[in-house]
Amino acid sequence: MSIKKIGLLTSGGDAPGMNACIRAVVRTALHHHLEVVGIKRGYQGLIEGDLIQMDTESVSNILQLGGTILRSARSDEFRTLEGRARAYKTIKDQGIEGLVVIGGDGTFKGSLAFMETYKDVPILGCPGTIDNDLYGTDYTIGYDTAINTAMNAIDNIKDTANSHDRLFFVEVMGRDAGFIALRSGIATGAEAVLMPESKTSVDQLITILKQGRALKKNASIVVVAEGDDVGGAFKLADAVKEKGFSDYEIKVSILGHIQRGGRPTCMERVRASQMGMAAVEGLINQRKGEMIGIIHDEIVFTPFEQATKHHSQINKAMLDMVKILG
């Protein structure tokens, strides 16, 4: 049976490029003469029936915007059988025959749980998360913009660090993954990058910093992922102070949610558009339960279960780059 009407939602944390993906989904669907319903506030909006009809005008002039015009939310109610039953009723009442969901790990796990009960609703997902931690794609939507935002902020911090002989601990997002920390640290010449995937040794860090001082560096930058095992930049800075390191004045800067917003980069917009197109075409071709990714510039489909169970791994060669180049 050919599909005639699809629903579209964004869920979990917002990420730059989500709007580019929304635009691509809507315009690709209209190109294939499909009706598109936008679902506001993710799965919670699906439960409550918070829907809007979408057309070409709905997605005009959004390509360059950060965030998501459909808004996003995390829904505890959707985790329950009762919540998913209400969502299914909305789908059936509205005549929706397939869903495109844009989000991360939690979004796809929600889709998996839903499809276990309601097998007649095909769902495809586009990976929208700045963390870049989903298996089945080289880059997630939002990651490229986030690392460029972090890089620009660290460059600015480095200017003031050099002016005042300071050691800055700069904390970037990454509760469970250090991809933002690693790439932004390499790009800004950080002395060290600390992240969840590797054990932090305060003594080893101090040795690295003292080596830099011996080379007459007048400032140092240490990039810290928020999920580092010491507990983030403030705790790490305190640990370094307690060890008696006093070669520099120590400062801490938390970049926080600045990394989640802003205008998406060129590559972000292109990749998000590719994924949005592929999601609609996948539904037309009766695919379901898969995440759309891009590997070596080719569209690939990865089952939700695999995408969420096997997280992307840090490239050890890039860890060596920090040690050698920093």
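Predicted model: local features only at pLDDT ≥ 70, side-chain atom pairs only at ≥ 80, totals over all residues.

Q: Where do Arg-260 and Asp-14 lie?
A: Arg-260 sits in the loop between strand S9 (249–254) and helix H9 (266–284), while Asp-14 belongs to the loop between S1 and H1, so the pair ties together parts that are 246 residues apart in sequence.

Q: Is that Arg-260 buried or exposed?
A: Arg-260 is buried, because its relative accessible area is 18% and the cut-off for buried is under 20%.

Q: What about Glu-77, which side chain does it meet in a salt bridge?
A: Glu-77 meets Arg-86, at 2.7 Å from N to O. Glu-77 is partly exposed, with a relative accessible area of 26%, and Arg-86 is likewise partly exposed, with a value of 41%.

Q: And Asp-76, what does it pair with?
A: Asp-76 forms a salt bridge with Arg-79, where the closest N and O atoms are 3.4 Å apart, and both Asp-76 and Arg-79 are exposed.

Q: Switching to rings, how many aromatic pairs are there?
A: There are 7 aromatic pairs by the rule used here. One of them joins Tyr-43 and Phe-78, which are stacked, with 4.0 Å between the centres and 5° between the planes. Tyr-43 lies in helix H2 (residues 42–48) and Phe-78 in the loop between S3 and helix H3 (81–94), so this contact ties together parts that are 35 residues apart in sequence.

Q: Are Tyr-43 and Phe-78 buried or exposed?
A: Both Tyr-43 and Phe-78 are buried. Another pair, Tyr-88 with Phe-114, is tilted, at 6.3 Å centre to centre and 50° between the planes. That pair links distant parts of the chain, since Tyr-88 is in helix H3 and Phe-114 in helix H4 (residues 105–117), 26 residues apart, and here too Tyr-88 and Phe-114 are buried.

Q: Which residues form one aromatic cluster?
A: The cluster consists of Tyr-43, Phe-78, Tyr-88, Phe-114 and Tyr-118.

Q: OK, strands now: why is S2 largely enclosed by the rest of the structure?
A: Strand S2 (residues 35–39) has 4 of its 5 residues buried, so the rest of the structure largely encloses it. S2 runs parallel to strand S1 (residues 5–10), with 5 bridges joining the two, and Lys-5 stands opposite Glu-35 in S2. Between S1 and S2 the chain passes through helix H1 (residues 18–31), making a β-α-β crossover that is right-handed.

Q: In what sense do S2 and S3 pair?
A: S2 pairs with strand S3 (residues 51–54) in the antiparallel sense, over 4 bridges, and Val-36 has Met-54 in S3 as its bridge partner.

Q: Last one: which residues form a nonpolar patch on the surface?
A: The patch is made of Met-321, Ile-324 and Leu-325, with about 340 Å² of accessible area together. Met-321 lies in helix H11 (residues 316–325) and is partly exposed, with a relative accessible area of 33%.

Definitions and conventions
Residues numbered from 1 in each chain as written. Heavy atoms only, no water. Patch = residues over 30% accessible without salt bridge, like charges linked within 9 Å, V, L, I, M, F, W, Y side chains within 5 Å. Areas by Shrake-Rupley, 256 points an atom, 1.4 Å probe, with all protein chains shown as cover. Salt bridge = Lys/Arg side-chain N within 4 Å of Asp/Glu carboxyl O. Buried < 20%, exposed > 50% of the residue type's maximum accessible area, 1.4 Å probe, protein only. Pairing = 2+ DSSP bridges. Right-handed = clockwise from strand over helix to strand, strands pointing away. Phe/Tyr/Trp six-rings, centres within 6.5 Å; stacked < 30°, edge-to-face > 60°.
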